[in-house]
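Opening the notebook on a new model today.

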Amino acid sequence: MIIAKIESLLVAVVIIQIEGIMENHIDNHLDKKNKISGAMFLITIGIVYGDIGTSPMYVMKSILEGNGGIAHINQEFIIGSLSLIIWTITLLTTIKYVIIAMKADNHGEGGIFSLYAIIRNYGKWLIIPTILGGAALLADGVLTPAVTVTTAVEGLRSIERVNQLLGPSYHKVIIITLLIIAFLFMVQRVGTSKIGKAFGPIMLIWFLFLGISGLTKIASLPVVLTALNPVHAIKVLFSPYNKVGFMILGSVFLATTGAEALYSDMGHVGRSNVYFSWPFVKVCLVLNYLGQGAWIINNQSNSDLGMMEEVNPFFMMLPEGMRPFAILLGALAAVIASQALITGSFTLVSEAINLDLLPHLEIRYPSDTKGQLYISTVNRILWIGCSLVVLYFRSGSRIESAYGLAITLTMLMTTVLISVYLRRVRHKGLASIIVLVVFGVIEGVFFISSLGKLLVGGYVTVIITLILLSLMVTWYRGTQIENKYSTQLAMRDFIDNLERLHDDEEIPLLANNLVFLDGNRDNESIDRDILYSIFDKDPKRADAYWFINVSILDKPRDMYYTVETYGTNYIFRVKLYLGFKLSPRINVYLRQIVRDLQESGELPKQNKKYSIYGESTVGSFKFCIIHKTLSAKSELSMADERLLNFKHAIRTVAGSRVSWYGLDTSTVISETVPLIPNFEGKNKKIIRASK
């Protein structure tokens, strides 16, 4: 009988996954980089599920504490709470993210910014939920490592000898926590593939431990399997035994906090590997929660437990000899849990950069595995932020007060974007409404319950989110202002002038190839500041003038270009299209384009006689970078002027376009021009005063 019920449990938990897996089987097997393998299974376990995998250590503990402790609960309350947990994981993680959201992938890439890239043409207002959700998720990337590592180190106090070494002071705990956080961020540069290979076996042992330890307790009280019935979840919300009412969802929500990170990390391991590994992870999680519930029901009348200040069912249900092992393994798992948010943050920032929501930062790709990247600037900021949070709160329980608020906001914003995706891209109007209403209501309730923590630590989440939000808004709005006041001139009106300058041998040759980066995609117009630089700021003679526009494609690895010559062999308007995962090394791509045009006869060969590599038909290059700044007295509003000054300050800190495009500084000409709004009708003639 028990075995039959356990088999029913496994079937019930796994069956929800099957439809999504089968529907994606064809797409996944065509993508070689997305191939399922034992190695990728371990990497996925190590990278993606750390956050959601550590939730059994504190979810039931939080529910008990919220209801007054183990002495104030009964079987109806526990089964109802278990049902809430199971169906929260099922609805939010399995159905919303694993089945629905992962189908809204941007050619294998997940996350809120990747989703926005698909639907951004369906409404300008979509940038609002995108920026809000992205800022909140990045804030969660600061808080998660802080709370998980601190809680893990504090958990070591459960081992008597370790507790004696740590002593009553928090200083040693804080120092150990900061050292672990430092190590965690230092190893990011080696790449998520190597990290996943190191962490994967540990997390595999962890999930097996969760499932087996829970299964042994279920056998002693099979009645907990009735928690699979969602009716019990609804009943407990209105039950008199539930002393906090709907606010219990604030604790229940902790069981699914890693769902958004799971979606964001999809590009690091491939969608098929998430589909393949999630059923195993979910079964282990559900078994452990049910096992904890069985232990609680069996011990609800234990007077000794009722007198304890804190009761953690996760550890207490284990034999005493197993607890030190569980604590140490849990500490390792908690450290690894930070990895999901860190790698997810790299992905989010990369996609935000490509959408022009954040300044350009240098991105590295440590391995050839799809989607794996490293951003040193983001790594340092997260490191500093996590360390400051630990130093400020000084304990895991206080950090938990700030935990969860950010992720509920992100989930709400993702729901809005998924609804638009279903309606406009997939043309499923009814499904769009159902998703918006069902998940909007569920997550709205979770968000309201999380607001109860605002004054006891949640304000830190709000502050971090607002800082990140201000950066995104500043960069996005500043770019809009710059584009608004840029002056475009007709390109063909200046071809004759360029020809005369090109042929004027009285002016020294600056370079064989003079390159300008042009944000304008229209071949018939050109930025006035570029022509001003060529003609007015010391005329620049070159054998070939290149005007390069870089466009980021929605596909990750595609690359191609188009060229407009205007009927000449010295003017080249190049549109370079790069996949959003490709590094924009303009100089590398341009040399290949030069060779292509020389082979086609559109560009004369350039004789380069002197080089350590021998003679070459590709000559010298000079890249002219133009920076627009505000003049001393501009006619912009004070708000716009301050915003642009803030954007320029951010650009200075974040790094220049020289490093972003991988240019050799010795070949770069840097010029500054004022941002002069084109106010028509306001130019006045200056009259010479009479003597």
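Predicted model: local features only at pLDDT ≥ 70, side-chain atom pairs only at ≥ 80, totals over all residues.

**Overall picture**

I started with the contacts in the protein chain between residues at least 6 apart in sequence: 83% of them join residues at least 24 apart. I looked up the secondary structure next and got 29 helices and eight strands in the protein chain.

I picked out helix H3, residues 38–48, and found it mostly covered, with eight of its 11 residues buried. Which residues of H3 are the buried ones? I listed Met 40, Phe 41, Ile 43, Thr 44, Ile 45, Gly 46, Ile 47 and Val 48.

**H6 against H12**

I checked how H6 (residues 75–100) and H12 (residues 230–238) sit together: their axes come within 7 Å and cross at roughly 115°. I noted the crossing as left-handed. On the H6 side I have Phe 77, Ile 79, Gly 80, Ser 81, Ser 83, Leu 84 and Trp 87, and they meet Pro 230, His 232, Ala 233, Val 236 and Leu 237 in H12. Sorted by type, the residues of this contact are eight nonpolar, four polar and no charged.

**Rings**

For my own reference, a pair of aromatic rings is described by the distance of the centres and the angle of the planes. My search gave 18 aromatic pairs. I looked at Phe 209 and Phe 325, which are edge-to-face, 5.8 Å centre to centre with 75° between the planes. This pair links distant parts of the chain, since I find Phe 209 in helix H11 (residues 192–218) and Phe 325 in helix H19 (residues 323–354), 116 residues apart.

Then I took Phe 253 and Phe 446: the ring centres are 5.0 Å apart and the planes are at 50°, so I logged the pair as tilted. Phe 253 is in the loop between helix H13 (249–252) and helix H14 (259–264), Phe 446 is in helix H23 (residues 429–450), and the two are 193 residues apart. Both Phe 253 and Phe 446 are buried.

I also wrote down one aromatic cluster, made of Trp 206, Phe 209, Phe 314, Phe 315 and Phe 325. Separate item: Lys 647 lies over the face of Trp 475, at 4.6 Å from the ring centre.

I looked up Ile 463, which is found in helix H24 (residues 458–485). Ile 463 is partly exposed, with a relative accessible area of 48%.

**Positive phi**

Most residues other than glycine have a negative phi. I went looking for exceptions and stopped at Asp 356, whose phi is positive, about 60°. Asp 356 lies in the loop between H19 and helix H20 (376–393), and I put it down as partly exposed because its relative accessibility is 28%.

Tyr 566 also has a positive phi of about 60° although it is not a glycine. Where does Tyr 566 lie? I placed Tyr 566 in the loop between strand E5 (559–564) and strand E6 (571–579). Tyr 566 goes in the notebook as buried, because its relative accessibility is 8%.

Key: Residues numbered from 1 in each chain as written. Heavy atoms only, no water. Axes fitted to C-alpha atoms, helices over the stretch in contact; angles between N-to-C directions. Helix = DSSP H or I, 4+ residues; strand = E, 2+ residues; numbered from the N terminus. Left-handed = near helix turned anticlockwise from the far one by under 90°. Contact = heavy atoms within 4.5 Å. Nonpolar A, V, L, I, M, F, W, Y, C, P; charged D, E, K, R; others polar. Phe/Tyr/Trp six-rings, centres within 6.5 Å; stacked < 30°, edge-to-face > 60°. Buried < 20%, exposed > 50% of the residue type's maximum accessible area, 1.4 Å probe, protein only. Lys NZ or Arg CZ within 6 Å of the ring centre and 35° of its normal.
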